[in-house]
Every structure is written in structure tokens, then in C-alpha cells.
Amino acid sequence: DTAVSQTPKYLVTQMGNDKSIKCEQNLGHDTMYWYKQDSKKFLKIMFSYNNKELIINETVPNRFSPKSPDKAHLNLHINSLELGDSAVYFCASSQNLNTGELFFGEGSRLTVL
Amino acid sequence: AQSVTQLGSHVSVSEGALVLLRCNYSSSVPPYLFWYVQYPNQGLQLLLKYTTGATLVKGINGFEAEFKKSETSFHLTKPSAHMSDAAEYFCAVRNTGGFKTIFGAGTRLFVKA
């Protein structure tokens, strides 16, 4: 059973389209994150939710909207996709806000043409 | 604000040789420090972590790291490299009491036969 699972694994789409990525964790963790990894492998935090409440919202364009329907799920919706949005998006979870260890999903590779 | 610098974007060693991956951090408060490994097309996996206590920490796959406060370093070592160690390695820092884990730019480890 995969601890943190993301779907889809690959997304290829045209500029201007809207797309969503879903994430689920079965670890019973309270806190979930979205990270963006660019083509140079640099990882940047985008959002964090703790028990469905938004805790971290980095300087991300408001075309990106996270949603956490419950503490086991964190989805990411992206409107009006741009070329620069092409990246691998990782979902992660941690036991709570105070524990540092992150458990990562396998990533969702988004390619915007 | 905390930050992480990994010296060397690429490191190449021969099988059986010592692995040394360098990490320096900046933090205004005592940090939590981590090393993660990423294999191709996979998410990140925790190798080891330092929170408090013993400054030499051992992780999975024979890796260890030493927290040196005076040098603000947390270098990762393994006495004898194996082909399966070839991967991307990320050093990360989180302030105690903070919510964000900040990653270094990563070091790609190549292992030659």
C-alpha cells in the first residue's frame, strides 16, 4: 500500500488549460505539503495544510489553488497553465507541524506545451 | 531565514571509495537537519535526520552525517560506495518551531565501476 500517492503521474497539456493533481496519504498524518521541483532539481515549497487548514502559502501565483477536503487529501488545481509551470509537483506529508520528517509521493510530472 | 548550501552539484566516486557530500546551513535558531535521497523518477526518501542529542547520526544504507554547529555543517558520508548509491541527494533544514523545510539544490552522486 503506497503511503503517499499522487495522480496522475504524468500530465501533458496546452498553455491556457486548467489541470488538477490529487494526493492522498494513508499514514494518518496531520500535515500535507505541495513542493515544486524544477528542471534543475531545485525543490521549493508551495503550500502546507495542517488538519485541513492552510498554514504555508508561499509566493505562488493565485492561478494555483490547493484544496484539502480532509486531512488525508490535498489537491492542487492550476488555472491558465503557462510554460513555466512545467515541473514535477510533489505531495508530501508529516505526522504533524512539529515533526520534520517528510514522506513524499512519487511526483506528478506536468509538461505545458 | 534559514538556507542550505550544497557544495558540488555533481560528485563522482569509484565503487568502494569514500562518499562525502557537503552541506552547510544557515539558521538563526537551532536547526533540524535532514538528508534525503531521490532515485530517478521517484519521490524523496529520508536517509537520516538530526534533531537534538548525539551529533553523529546514522541512517539507512550505511550513510551517516555529523552536525557541527561551529562550522554550520552537516556533511553526509559513507565509507564505501556501492553502485546502487547513485542518486540525487538533498540536504534540508527546518528551524525548531518552524513549519517550513528548506532544501538545498541537490548533489548528484555518480558511482563508477
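Analyst: A salt bridge is a side-chain nitrogen of Lys or Arg within 4 Å of a carboxyl oxygen of Asp or Glu. In this structure, K100(B) forms one with E58(A), with 2.9 Å between the closest N and O atoms. The model is predicted, so local features need pLDDT of at least 70 and side-chain atom pairs count only at pLDDT 80 or more, while totals for chains, interfaces and linings use all residues. Residues are numbered from 1 along each chain as its sequence is written, chains are lettered from A and ligands numbered from 1 in the order in which they are written, and side-chain values use heavy atoms, with hydrogens and water left out.

User: How many salt bridges does the rule find across the interface of chain B and chain A?

Analyst: The rule finds two across that interface.

User: Where in the chain are E106(A) and K9(A)?

Analyst: Their side chains meet in a salt bridge, 3.1 Å from N to O. E106(A) is in the loop between β10 (103–104) and β11 (108–112) of chain A, and K9(A) is in the loop between β1 (4–7) and β2 (10–13) of chain A. The pair links distant parts of the chain, 97 residues apart. Strands here are DSSP runs of E, at least two residues long, and helices are runs of H or I, at least four, numbered from the N terminus.

User: How many residues of chain B are in contact with chain A?

Analyst: Contact means heavy atoms within 4.5 Å. By that rule, 20 residues of chain B touch 23 residues of chain A.

User: Which strands of chain B supply residues to the side that touches chain A?

Analyst: β4 (31–38), β5 (44–50) and β9 (87–95) of chain B each supply at least two residues of that side. The largest share, four residues, comes from β4(B).

User: How many helices and strands does chain B have?

Analyst: Chain B has zero helices and eleven strands. Its radius of gyration, taken over C-alpha atoms, is 13 Å, close to the 13 Å from the globule rule (2.2 Å times the number of residues to the power 0.38) for 113 residues, so chain B is as compact as a globular protein of that length. The C-alpha trace of chain B spans about 45 × 30 × 20 Å along its principal axes.

User: How do β5 and β6 of chain A run, parallel or antiparallel?

Analyst: Strands pair if DSSP finds at least two bridges between them. Four bridges join β5 (residues 43–50) to β6 (residues 53–57) of chain A, and the two run antiparallel. Y49(A) has L54(A) in β6(A) as its bridge partner. The hairpin has two residues between the strands, and N51(A) takes a positive phi near 50° there.
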